[in-house]
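Student: I have a structure to study. Can we go through it together, step by step?

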Amino acid sequence: MTYKETLDWMFAQLPMYQNKGKVAFNSKLDGIISFADHLGEPHTKFKSIHIAGTNGKGSSSHLLASILQEAGYKVGLYTSPHLKDFRERIRINGKKISKNWVVDFIAENQSYFKTHNLSFFEMTVGMAFSYFAEELVDIAIIEVGLGGRLDSTNIIKPEVSLITNIGLDHTDMLGDTIPLIAKEKAGIIKTNVPVVISEFNEETAPVFKSIANERGADIIFADEKEYPDYKIGLLGSYQKKNVKGVLAALSALKHFKVTTVNIELGLQRVVENTNLMGRWQQIGNEPTIICDTAHNKEGISLVLDQLKEQDFNELHIVLGFVKDKDISKIISLFPKNARYYFCKPKIFRGLNENILADLFYQLDFKGNIYESVNKAFKAAKKAAKTNDFIYVGGSNFVVSEIL
C-alpha cells in the first residue's frame with residue numbers, strides 16, 4: 001500500500017477515539033500488552049518520561065523534549081492527536097517518522113492485525129515504541145492519550161512520571177468528579193518511580209499522595225518549588241504553570257546531564273526544536289489571528305484569560321466543538337461583546353453548527369452560522385479590520401482545518 005492507502009486502512013479498519021468517542025476507549029491493557037509481546041517488548045529498550053493530565057500535557061511533553069534535545073540527547077516524542085499529519089504523533093528530535101516506516105510497519109504486522117482486534121491507538125503506540133527502540137533514542141517523552149491507568153502507553157516504566165493540570169474532561173469514561181479523574185491519571189505512577197505534580201490542588205493532592213505512598217514513589221509538587229523566571233518560546237501566560245512541572249521533572253531525572261543553558265535554549269526554541277503547533281499560535285497580523293487547541297473548561301478558561309490581556313478594537317471568535325462536550329458549562333466563560341462565527345469541525349463527532357449557535361443565542365450571544373470551519377474563518381477575516389483580533393478554537397479539529 002502507499003502511505004495514503006496505509007493511513008486510509010488504519011483509520012477505516014480500527015476504532016479511533018477522536019472519530020468514534022467512547023466506543024474506542026478500551027477498558028483494559030490486554031491488547032497493547034499482547035501486541036508489545038509480538039513486537040519483542042520494544043518499550044523495555046529505551047528510557048522514558050511519562051506525562052498525563054487534562055491540560056498542559058502536550059506542551060509539557062514538547063518542552064521536555066526540546067530541553068533534552070538542547071542537552072545533546074536523541075529524544076523520541078510521542079503525542080496525540082495530530083493536527084495535520086498522522087506522523088506528527090511520532091518524532092525524533094523534532095523530525096517526524098518517515099512515511100516508509102509507517103507503511104512498512106503496517107505491512108509487516110498485517111497478519112497480526114487480521115487476527116487481533118486492536119484499536120487505532122494500540123496500533124499507533126506499538127508503532128511509536130518500535131520506532132524509538134529501533135532508532136536507539138536516549139530517552140522518549142511519552143504523552144498519555146486518554147486518562148492514564150488504562151491508557152495504552154501505560155506499559156512503560158519511566159524514569160519520571162509527570163501529571164499536569166486535572167479538570168473535568170471525558171467524564172463519561174474517567175469519572176464525573178475531580179478526585180475520580182485524578183485517580184485515573186494517577187494510574188501512571190509506578191513503583192519506586194518519582195512522580196511530579198505540576199499544580200497543587202486540595203481535591204487531587206490526597207489522591208496522588210495516597211497512590212504514590214502505596215507504590216513507594218517520591219512525590220514532588222512543582223508549584224511548591226522556586227525556579228528562575230525563564231523566557232518561554234510559547235505564547236500564552238498559562239505556559240508558566242507547565243514550565244514548573246517540566247523543571248521539577250528534570251530535577252527528578254537521574255543519569256541525564258542538563259545545564260541551565262540547555263534549559264534556557266530548550267524553553268525558547270521549543271517550536272523550532274519540536275515543531276509544536278496550536279498552542280496560542282499566531283498565524284496572522286493586522287488583524288492579529290490566534291488559534292489554540294484548548295477544548296475543555298479549564299483549558300478554555302486559561303485561553304480566554306489570555307484574551308483579556310490583548311489590545312484590539314473588536315474581537316471575532318471562530319468556534320466549533322465536538323458532540324461530547326458539555327457546552328453549558330463552557331458558554332459562561334466566553335465574552336458577550338465578541339462577534340461569533342459558529343461552525344462544525346469536519347469529523348464524525350463534530351457538533352452541528354446550528355445546535356452550537358442555538359446554545360449561544362439562548363444567552364444573547366451574537367454571531368452567524370457557517371457550514372464549515374473554512375467558511376467561518378474566511379468570513380471572520382473578511383469582517384475583521386486591521387486593529388481587530390480573531391481567535392479560532394474550541395477543538396483540535398477546528399484548529400487543524402485552518403493551519
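Tutor: Start with two terms. Strands (E, at least two residues) and helices (H or I, at least four) are DSSP runs, numbered from the N terminus. Two strands pair if DSSP finds at least two bridges between them. This is a predicted model: local features need pLDDT of at least 70, side-chain atom pairs count only at pLDDT 80 or more, and totals for chains, interfaces and linings use all residues. Residues are numbered from 1 along each chain as its sequence is written, and side-chain values use heavy atoms, leaving out hydrogens and water.

Student: Which residue takes a positive phi in the hairpin of strand 9 and strand 10?

Tutor: Three residues lie between the strands of this hairpin. The positive phi, near 50°, belongs to Glu-286.

Student: How many disulfides are there?

Tutor: A disulfide is a pair of cysteine sulfur atoms within 2.5 Å. By this rule, the count is zero. For Cys-291, the nearest cysteine sulfur is that of Cys-343, 13 Å away. So Cys-291 is in no disulfide; the count of disulfides is zero.

Student: Is Thr-274 buried or exposed?

Tutor: Buried means under 20% relative accessible area, exposed over 50%, and partly exposed in between (1.4 Å probe, protein chains only). Thr-274 is found in helix 13 (residues 270–274). Because its relative accessible area is 0%, Thr-274 is buried.
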